[in-house]
Structures are given as structure tokens and as C-alpha cells.
Amino acid sequence: MAQLTDEIVLDVANLSVDIATPRGPLHAVRDLSLQVRRGETLCIVGESGCGKSMTALGLMGLLPKAATRRVERLAFLGEDLGHASPQRINALRGNRMAMIFQEPMTALNPAYTIGSQMTEPYRHHRGVTAAAARARAIELLAKVGIASAAQRLGQYPHQLSGGLRQRVMIAMALMCEPALLVADEPSTALDVTIQAQILRLLRELQQELGIAMILITHDLGVVARVADRVAVMYAGEMVEEASTASLFRHQRHPYTRGLLSCIPLPGRSKSAALGTIPGAVPSLVGDLTGCSFRARCGLASEACAGVIPVHDDGIEHRWRCTIHPDSIISAQARIQTAAELPPLSQ
Amino acid sequence: MKQPALFSAQGLTCSFNLGGGFMRPARTLHAVNGVDLTLERGEVLGIVGESGCGKSTLARMLLGLLPPTGGQIFLDGKDIHTLDRKAVARRIQPVFQDPYSSLNPRRSIAAIVALPLEVHGIGTAATRRTQAIDMLERVGLPARFAGSTPRQLSGGQRQRVAIARALVMRPEIVICDEPTSALDVSVQAQILNLLADLRREFNLTYVFISHNLGVVEHVATRVAVMYLGRVVELADTARLFARPRHPYTQALLASVLTPEPGLGIPDTGLGLEFPDPLNQPSGCPFHPRCAQRLPTCSSAAPRLITSPAGDHVACLLHPNSHSEPTS
């Protein structure tokens, strides 16, 4: 296992992404700040539309044309990328900053062989010979567990299974020894048995090579098994951030608690209904004030329409909620007890 | 004499002929390969398996949407081929995975839910509408949604419409094919709770197809595990999850990432080769990936054997799987 050093690979302060729509700008990401250190895995978790993929694209400078990015600080290995030239970003992206996408079939070009897709960026960034690039590709395919790597280089993406394609994506991302790897739902399109193998491989390589990884997922099971730290996003905002152990031991934000109670768990009583979060995610178009979760929150009060404070319990566990840290547990307990009482009509 | 099961299938097979092209031979894809199932009234039969295992093809055959190439389906002991198509549809209804493509985008919610009644010629337009709105309310959509079109609704609301449409005929059996796979986890929980409530209220029997083992464990009373078109294990839910007997079921359960930090990512030892239904291995279909395989597994196909408790498993590691079961 690589040593956790304090070297901060990516330091982001107040990242916002707006998407132009006919009804006005949609605030997809709002004032998001995060840091990832060398050898660390940060998971960004949330449901569809919470802004997690836009965060990834915003960090990599790959946003669609309709989107605009504002960022106070975007530092990669100490270098300011918030105002860097497109040439500088191009020199880093695919080189020291790499990305893995959800669906390897659409991320890989169907008209080129695996070999040419793997070697082209390496030759571009490093200026090495075709033979050297080919040797590096074979080395990495072997590292991600692909047998007869030399033959695979001549194959096209459609000749590989989903799990193999995702391994090729991982090998391709590692070609130029990235310091930062952003993986957007890397295992979501795969079957469970393949998902476990891909995540295991990704985690091992990340630790071995000391890469800072941002892994984006909607699956709290993946988070629990892979992450060192977790950021929970809701409606474009980070609502809670903590070490994995701390987050799963005591979730502070009502949304995080709700999300965990929704998951059917082995051994949980079958007669008991699953927890649910009533309602749906609010529209992110127009002026947004207060807590965006308040319409669905069982603990909401008038204060939730105002400015929401960020609490910190001193062990790098932060959450954005009006409820005081000491009262949230007892308030939640009160609600649960009330829900368990039989209805009055019976 | 034993009462026939509510719904059963025997030796159900479905193969597709893939037409050959220029310089390419025609090939046969065995999507479902001799599946036997019985469904008793009131139970929830979960069907799990990975992509390409034939679970959706099985669902389409059970619904009568796809003619089997072999085997029979019985409703109350009668072959459904001998029964009237509409009479069968009245008793068996589907809920599909994607509520975006399974609802007509140009019709109102009330019209979508009333359509089965219209097809079967039940009641007048006015009574059909009342019944539809009543059913929408039971699935948690207030009457004010009746005039909306599907595009005005969220994914969870659309799936409620699909459920209302399935239930408006008051069927006995509902076949749910991945009903929550397209939904977020908080919405999935709402739909699973709704399906559980409706089952009690209307005394329904479900076939519940999913790739999500946590969901299946939560809803099913019995679970069938499919691999390459075959049922490799079928058992009571609690027993299957506590003591899986087939190596594939064991690997499948071990792969599930539960939200328990500190456990790490399991090593299933399944290797990289994903099963290809076009190129099925000889003997046991799972043997190329199986860590516990015996020398005979590549030549002898195991039979599905029944334990005294009524559970089934098809694996040569279990005695009797290779010989005629002793009675």
C-alpha cells in the first residue's frame, strides 16, 4: 500500500457550473470545494442530477459547450489551472490528469484498434517511438490482468467483453503515469461479478502507483468498499464530507441518512418497509436559496430557507445543515419513534 | 390429487437464429435452455442473473410476448396455448424496466391506465376513466395527474403509472422485469414498498426479475439463479442467501458490495472471460469460470436435483446431480 502523504494533488475552491437552458441557467454545481491528496481515493456520491458528473467534467475542462465554469481556485500539483491556457490543459489532460468514463463502448473509438488508441496519446505527450509506446501498452495491459496482451493490441473494441473494455480504459488512463485519475461510474455498466473485479483492480493500482483518485458513483456499497473519504452531493451542492469510517458510523446530514436507509440490506427484516425520501429533487433553474433538501426533509424548519451553516466536528467531518450537531441525532430518533407508532385510526 | 400450481413452465426453451451474412455462417443463440418453474399463489419468485443469462427472454415468454421454441407454460394446469389470448392477458400483466419507453408519450396518464380495459371491452369510457383514476390513487398518484402526459412525470411517477396500468385489470400474476433498475435508490425504495403493499392489498403473485441481489432478497420468497439460459439454483430466499450451494450463486453473493466500510473489495476468482451465449461451453455452462470445478465438469452437464426441503441445484459437486435422482 502506498504511503498516504500530505501532498495535495488537486485543490479546488468554489467550483460552480451553470448550464444554459431556455428557462435560464441551470445551476448544476454550486460552490463546491474539495482536496485530494496523493494516494487517496475520494468518492463523490449522489443520485442522478446531483451534479457529480458535471463536477468531474468541470475539473477536467471537458464541459459541454452550453456549460460555463467559475472557479475560485483550481490547483493541480500547485499549478493554477483555473486560468491556464487551453494548450497547457491539453498538455496535462490524458497525461498527468486522466479520466475513465462509465461506458467503455462509447468512450473507445470503434474504428481504431486498442493498440492505436492506447499508444497515440503516449506518443503525443512523451514523443517516444512507436515501438516504445507499444511496449508500454503491452506492459500496462498485462498489469490490468489481460492475457496475451500483444494480440489484444490488434483488436477492435467490439471484439472485447464489457469487463475487458473497462480494463483497457484503465490501462489507457495509466499510460502516462497520471497523478490524478477521475473515474466517473467506472463499474456501473458492468455486472456485479465483473464490477467487483474492476474496482479491486482500480483500487490496487491506485494504491500501488500513489495516484490521487476521484471516483464518482451513485452506489453507497461501492463508496464503503473503495473510498478513503466521501463527499455526498445533493442538488449541485456538497452536503456532507467525511472519512469513510466516520460517514458510515454517523451520518450527520438528513439526506445522507435517508439515502442509507433506502438500501435493501441482507439480514434486514423483510417485513419492515424500506426507508424512503419523499418527493423529488428540486429544479436547479433560477435563484436558489436556503437548503435545497428542505422540501423533502423531515427535520426542516423556517431556518432552512436562510443561510445554511457548515458544521465541522473537528475530525474533518463537515456537513451543511441548520440543525445543531448535538440535536440532529435526537431529532432523528424522535422522528423514527413517531413513525413506528401505530396510526391513530386503528 | 394435488392441486396444479397457479402458473408453471416446463422445459421452456428459446433460441434465436442469427442470420448469417456474407462469409458468415448462420448461428443459433440459445437464450433460454430448458427452464422449469412453478409459481404458487401469493409467492414472489425472484429471478436473478447477469446480463445475457436469459432472464428477460424468460419474462417475455411467460407473458406470451415471445413464442417459446420448446416447452410449455401452464396456467392452473392448462397449457396456455389452448387458452384464449385475452383471457390469459387478463390474469397476467407486466411491469417493465424502463418507464420512459413503456408508456405512450402522446396519451394522458388516465388514458394509458384505462387502455387495458378498453382493449378488453370492459365498461364505458366514463367508468373506465373512473377505474383508472381510482387505480392511480392507489399507487400514490393523486387525481390531478390524470391529464398529464408521461413526459411531465419523474421516473418514479412513471413507474407508478406502469404499475397502475398492470393492476387495473385486477390480474393474479404480475411479471416485473427489472422494475426499479432505471430508478435512483431513494425512488427505488418507494416503488419496492408500493409493490409490497399492493401485493397484500390485491393478493398478487409476482415474478420479480432483477440483477440486484439486495432488491431480490428484500422482495422475493423464492429465488431462481440463472446462468447462460439455465436455472442453476432455485431455493427459498432465506436459505439461498444464507447457504448458497451452487458455486456461481456463491460468487454472485460474494460480489455484492454492501455499504459496510472496512470489508474491502471481494476477490471472486471468476476470471475475465464473460459467458457468451453464442458460444456455450460443453458440460456445465459455468465450468470455465468455476474455482471448484471437477475434471468431469467439462463433459457432463449436471441435472437440477431437488433436496428434501424442496430446493434445487444443478452442480456436480452435489451428489445425485450426475445420476438419476433416487426417489
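Predicted model: local features only at pLDDT ≥ 70, side-chain atom pairs only at ≥ 80, totals over all residues.
Two packed helices are described by the angle between their axes and the distance between the axes. For helix H5 (residues 155–167) and helix H6 (residues 185–202) of chain B, the axes come within 10 Å and cross at roughly 20°. An angle under 35 degrees counts as roughly parallel, and H5(B) and H6(B) are therefore roughly parallel to each other. The crossing in which H5(B) passes H6(B) is right-handed. The residues that make the contact are set out by helix below.

| Helix | Residues in the contact |
|---|---|
| H5(B) | Gly155(B), Gly156(B), Gln159(B), Arg160(B), Ile163(B), Leu167(B) |
| H6(B) | Val187(B), Gln190(B), Ile191(B), Leu194(B), Leu198(B), Phe202(B) |

By class, this contact between H5(B) and H6(B) comprises seven nonpolar, four polar and one charged residues. An α-helix has 3.6 residues a turn, so residues three or four places apart point the same way.

The loop between H5 and strand E7 (173–177) of chain B holds Pro171(B). This proline has 19 C-beta neighbours inside 10 Å and therefore counts as partly exposed, since a buried residue needs 20 or more. Leaving aside residues up to four places away in sequence, Pro171(B) touches Arg90(B), Arg91(B), Ile92(B), Gln93(B) and Ala166(B). Phe241(B), by contrast, lies 70 residues from Pro171(B) in sequence and 30 Å from it in space, C-alpha to C-alpha.

In soluble globular proteins, nonpolar side chains tend to be buried together. Here the largest nonpolar core has 192 residues, of which Val113(B), Val207(B), Phe208(B) and Val225(B) touch the most other members. The element that gives the most to this core is helix H7 (residues 162–174) of chain A, with eight residues. Again leaving aside residues up to four places away in sequence, Val113(B) touches Ala132(B), Met135(B), Leu136(B), Val161(B), Ala164(B), Arg165(B) and Val168(B).

Chain A as a whole has twelve helices and twelve strands, and 45% of its 346 residues count as buried. Among contacts in chain A between residues at least 6 apart in sequence, 65% join residues at least 24 apart.

Conventions
Residues numbered from 1 in each chain as written. Chains lettered and ligands numbered in written order. Helix = DSSP H or I, 4+ residues; strand = E, 2+ residues; numbered from the N terminus. Buried ≥ 20, exposed ≤ 12 C-beta atoms within 10 Å, placed from the backbone. Contact = placed C-beta atoms within 7 Å. Axes fitted to C-alpha atoms, helices over the stretch in contact; angles between N-to-C directions. Parallel < 35°, antiparallel > 145°, perpendicular 65-115°, else oblique. Left-handed = near helix turned anticlockwise from the far one by under 90°. Nonpolar A, V, L, I, M, F, W, Y, C, P; charged D, E, K, R; others polar. Core = buried A, V, L, I, M, F, W, Y, C linked by C-beta atoms within 7 Å.
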